[in-house]
Amino acid sequence: MEMITCGDPSFVLGGIMLTLGIESSCDETSIAILEDGRKILSNIISTQIPIHQKFGGVVPEIASRKHIINIMPVLDEALKKAQVQLSDIDQIAVAYGPGLVGALLVGVSAAKALAFSLGIPLLAVNHLEGHIFANFLSHPELQPPFIALVVSGGHTALVNMKDFNSFSLIGQTRDDAAGEAFDKVARLLGLPYPGGPQIDKLAKTGNPSAINFPHALMDKQNYEFSFSGLKSAVINYIHNAEQKKQSINKADVAASFQQAVIDVLVYKTIAAAHAAHMKSIVLAGGVAANSLLEQKLTAGCREHDCKFYFPDKILCTDNAAMIACRGYYQSLHGKYADMRLNAVPYLELTDINT
Ligand code: KG4
Ligand code: ZN
């Protein structure tokens, strides 16, 4: 296939660089414009949560259709808020995976069309790397190296980030992601989608020591996680109570479940930083908004003399500013995509060394 490149990346050197980011991997349509990689001029996020809430989760077909409807108005708003024209944009960064294929394709197609028509470079961004880079937007002083804990709806991973374009995966979940476990347990408790924030809120009124749920792989000397057994333990607990016609205290279940998840995440993250002689820990992904996780990692880092960074709440959720930030650092290493770019729904976090 003929390779069609988009524009001449050589202009990247010198002058102000405007990167336009596009994010459409799940149920948020977002477009952002960044100046020189770390200054947000605009970050418009159009969420579909109220639409999917009545189905108890994201309906992929509906998500794709809504992205198609939303993407142009979101683009217009992002340009207006940043007070720039499309012709001012220097490069386009887009999340091409992981996520829902139909949803990703809307962003990828828009990004390719914009890059081609404007004659500017295209950058293909791993959504999970984007979550880590959200921290560079919230903390202007932050520099690698650090250990990052990535906790989202689909992934739970520990990453050793040596440099902006050099990192290695040191462990991940063997089954369910932490966010997925939060969402499933919330559903069992009859709480609306997305379940994470609901459990977080309900747990504040419960007793975290009420039920002794399993802390999987806590004693193992590795950096892997497993949350499916914990989810089953919650299901069993609820079913047992139902069979005995006993009522359950939902706040206690939420608090005890949350405690079990957070205990393992915090223990393994601190252990990974310790083993790698790393003095900074960074939290990333949707579950980074969890108040107990923030509280426990703050305390753990203080105890182990580590600096702890987490993104502003609005940057924990899926957003295009983090995608543009990641794309900007890829552009500094000349890591451009071309017009063959496609959505990769099962894209993983892998070692990168450039
Ligand atoms: O990163 P994200 O916005 O989407 C993915 O890339 O998956 O993460 C969404 C996940 C959902 O599972 C949601 O329930 C969870 O993040 N989440 C939370 C909280 N806020 C969002 N989980 C626990 N506590 C929260 N406060
Ligand atoms: Zn995400």
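Student: What domains does the domain assignment give for the protein chain?

Tutor: Domain 1 covers 3-133 + 316-353, and domain 2 covers 144-311. Those bounds come from an automatic or database domain assignment. This is a predicted model, where local features need pLDDT of at least 70, side-chain atom pairs count only at pLDDT 80 or more, and totals for chains, interfaces and linings use all residues. Residues are numbered from 1 along each chain as its sequence is written, chains are lettered from A and ligands numbered from 1 in the order in which they are written, and side-chain values use heavy atoms, with hydrogens and water left out.

Student: How far apart are the C-alpha centres of domain 1 and domain 2?

Tutor: They lie 28 Å apart. In contact terms (heavy atoms within 4.5 Å), 26 residues of domain 1 touch 26 residues of domain 2.

Student: And what area do domain 1 and domain 2 bury between them?

Tutor: About 2,200 Å², with 64% of it on carbon and sulfur atoms. Buried area is the accessible area (1.4 Å probe) that two parts lose on being put together, summed over both. On the domain 1 side, Ile132, Cys316 and Leu349 supply 30% of the area buried against domain 2, more than any other three residues.

Student: Which element gives the largest share of the side of domain 1 that touches domain 2?

Tutor: Helix 4, with five residues. Helix 4 spans 127-138. Helices (H or I, at least four residues) and strands (E, at least two) are DSSP runs, numbered from the N terminus.

Student: New topic. How many residues surround ligand 1?

Tutor: 18 residues, and the closest are His131, Gly153, Asp183, Asp200 and Gly286. The cut-off is a heavy atom within 4 Å.

Student: Which polar atoms does ligand 1 meet there?

Tutor: An N or O atom in the His131 side chain is 2.9 Å from a ligand 1 oxygen. A polar backbone atom of Gly153 is 2.8 Å from an oxygen of ligand 1. Gly196 has a backbone N or O atom 3.0 Å from a ligand 1 oxygen.

Student: Back to salt bridges. How many does the structure hold?

Tutor: Nine. One of them pairs the side chains of Arg65 and Glu61, at 3.1 Å, N to O. Both residues lie in helix 2 (residues 60-82), four residues apart, about one turn of the helix.

Student: Where are the cis peptide bonds you'd point me to?

Tutor: One joins Gly97 and Pro98, with omega about -5°. Pro98 is in the loop between strand 4 (91-97) and helix 3 (101-118). Another runs from Tyr193 to Pro194, with omega near -10°. Pro194 is in the loop between helix 5 (178-188) and helix 6 (195-203).

Student: What is phi of Leu217?

Tutor: Near 60°, a positive value in a residue other than glycine. Most residues other than glycine have a negative phi, and most peptide bonds are trans. Leu217 lies in the loop between helix 6 and helix 7 (228-243).

Methods:
Polar contact = N/O pair within 3.5 Å; in protein donor to acceptor, adjacent residues only side chain to side chain. Salt bridge = Lys/Arg side-chain N within 4 Å of Asp/Glu carboxyl O.
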